[in-house]
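Dear colleague,

I am passing on to you the structure shown just below, and after it I set out what was found. Please keep it open while you read the rest of this message.

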Amino acid sequence: MKDKGLSRWIEGWVYPVSRVMNRIASIALFVMMVLTMVDVFGRKVFSHSIHGAVELTEFLLVILIFFSLAQTEVRNGHVQIDLILSKFGKRVQGVVNAITQLSGSVLCGLITWSTFLYAEKMRLSGEVSQDLWIPKFPFVYVVALGCGILAFTLLVNFFTSLSKVVKS
């Protein structure tokens with residue numbers, strides 16, 4: 001089946017990329033924790049906080065959220081409300097899951113495209129953060145990359161759901 005080959009091809013590179021991105025997100029979380037701890041300690045003990053700590057935390061939070069989305073989808077960790085759906089048969093559940101995965105993939109693809117265009121505008125305008133003057137556009141590219149990998153992960157899940165519907 002042609003779709004199964006495409007699904008395996010996408011899965012072959014998307015899943016390893018999502019694992020690497022998730023590890024980067026874990027590192028960002030650790031750095032956020034250390035930065036916040038040192039900032040609070042410095043403020044309480046020495047009456048001086050780290051200049052730009054809030055900005056750095058915001059940037060790290062962008063990395064944390066958008067680099068962990070795809071791996072969370074791979075692990076089926078996103079919130080699902082299946083109270084009503086569980087009352088139906090496997091075939092209906094599969095059809096609803098396939099529709100949901102495909103629409104999510106298309107939506108994330110559109111978000112990726114528009115975010116990439118926005119990042120380009122920010123890069124060309126030279127917009128920087130207020131305190132540390134860090135360029136903002138790389139973090140907007142992080143959003144685009146995270147949504148793009150999520151779109152491909154949802155596409156793999158769509159093919160998986162579709163194959164389950166066809167088999168049942």
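Which side chain meets that of Arg 43 in a salt bridge? The partner is Asp 39, and the N to O distance in this salt bridge is 2.7 Å. Please bear in mind throughout that this is a predicted model, so the values below are computed from it. Arg 43 and Asp 39 both belong to helix α1, which covers residues 2–45, and because they are four residues apart in that helix, about one helical turn separates them. The count of salt bridges in the model comes to three.

The next point concerns two helices, α3 (90–125) and α4 (137–167). Their axes come within 7 Å and cross at roughly 160°. An angle over 145 degrees counts as roughly antiparallel, and therefore α3 is described as roughly antiparallel to α4. The crossing of α3 and α4 is left-handed, and the residues of their contact divide into 22 nonpolar, eleven polar and three charged.

The largest pocket has a volume of about 510 Å³, and of the 22 residues that line it, Gln 80, Leu 85, Gln 93, Asn 97 and Gln 101 are the closest to its centre. Helices α3 and α4 each supply at least two residues of this lining, with α3 giving the most, namely nine residues. Sorted by class, the lining of the largest pocket holds six nonpolar, eleven polar and five charged residues.

The second largest pocket contains about 300 Å³ of space. Its lining is made up of Tyr 15, Glu 73, Val 74, Asn 76, Gln 80, Gly 94, Asn 97, Gln 101, Asn 157, Thr 160, Ser 161 and Lys 164. The elements that give two or more residues to this lining are α2 (53–74), α3 and α4, and among the elements it is α4 that gives the most, with four residues. By class, the lining of the second largest pocket divides into two nonpolar, eight polar and two charged residues.

With kind regards

How values were computed. Residues numbered from 1 in each chain as written. Predicted model: local features only at pLDDT ≥ 70, side-chain atom pairs only at ≥ 80, totals over all residues. Heavy atoms only, no water. 1 Å grid on protein atoms, 1.4 Å probe; cavity = no way out; pocket = protein on both sides within 12 Å on 5 of 7 lines; lining within 4 Å. Points joined across faces, edges and corners; volume = space filled by probe spheres on them. Nonpolar A, V, L, I, M, F, W, Y, C, P; charged D, E, K, R; others polar. Axes fitted to C-alpha atoms, helices over the stretch in contact; angles between N-to-C directions. Parallel < 35°, antiparallel > 145°, perpendicular 65-115°, else oblique. Left-handed = near helix turned anticlockwise from the far one by under 90°. Salt bridge = Lys/Arg side-chain N within 4 Å of Asp/Glu carboxyl O.
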